[in-house]
Amino acid sequence: MKKFIVMLLSAILCFGLAACGEKDTTPIKESEIDSLYSNPDDFEGRTYEFTAQVFSVEKDSGAYYIQAFQDINNYGNNTVIVYDNTDTTINTDDYIRVKSSVTGEFKGENSLGGEVTAVQVKADSVDKITAAEAFTAEETIALNSTVTQGDYSATLEQADF
């Protein structure tokens, strides 16, 4: 009986120690975003899904290196995105939806020699989206108005504010 208890406690200890080395991969919540951008290294390994506007793109033979604003409305929350898929075309001013994991803080130098710090992520997917998908309209008015001039017609279905 004593041997059984010792073996059981040993097994529990081994499994407990093995779990200590695992990284936290839980998704980052909306309420954690300010903390993420203040202390990116604290969130290393966590999954992060977000929408952003691209303001800088570099591409080599194997990857994209994208700088984007996660806070589209205020041009804030600078994020460096490493994306190993070069099959898509990503350009400056594109709106993107990113599924990624945080790799920590990026430190670098901008073209004027100033220091840049940002959250760095490794993207699993980067999908281009429209501006209408990137922004939530505060008000939408259905217009369904058609204007015809000569041989051309244009219909304005709705206006989003």
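Predicted model: local features only at pLDDT ≥ 70, side-chain atom pairs only at ≥ 80, totals over all residues.
View 1. I141 belongs to strand β6, which covers residues 140–149. I141 counts as partly exposed because its relative accessibility is 33%.

**View 2. The largest nonpolar core.** This core has 22 residues, and those touching the most other members are L36, Y48, I66, I81, I96, V102 and V126. At least two core residues come from each of α2 (33–38), β1 (47–59), β2 (64–71), β3 (76–83), β4 (95–109) and β5 (115–129).

**View 3. Surroundings of L36.** When neighbours within four places in sequence are left aside, L36 is in contact with I28, F43, Y48, V102 and V119. Y48 and V102 are, like L36, among the core residues that touch the most other members.

**View 4. Aromatic pairs around F69.** Five aromatic pairs are found in the whole structure. One of them is the stacked pair of F55 and F69, with 4.3 Å centre to centre and 25° between the planes. F55 lies in strand β1 and F69 in strand β2, so this pair ties together parts 14 residues apart in sequence. F55 is partly exposed, at a relative accessible area of 31%, whereas F69 is buried, at 19%. F69 also forms an edge-to-face pair with Y75, at 5.8 Å centre to centre and 75° between the planes. Y75 is exposed, with a relative accessible area of 53%.

**View 5. Aromatic cluster.** Y37, Y48 and F50 are linked into a cluster by ring pairs. Y48 is also a member of the largest nonpolar core and a contact of L36.

Definitions and conventions
Residues numbered from 1 in each chain as written. Heavy atoms only, no water. Helix = DSSP H or I, 4+ residues; strand = E, 2+ residues; numbered from the N terminus. Buried < 20%, exposed > 50% of the residue type's maximum accessible area, 1.4 Å probe, protein only. Core = buried A, V, L, I, M, F, W, Y, C linked by side-chain atoms within 4.5 Å. Contact = heavy atoms within 4.5 Å. Phe/Tyr/Trp six-rings, centres within 6.5 Å; stacked < 30°, edge-to-face > 60°.
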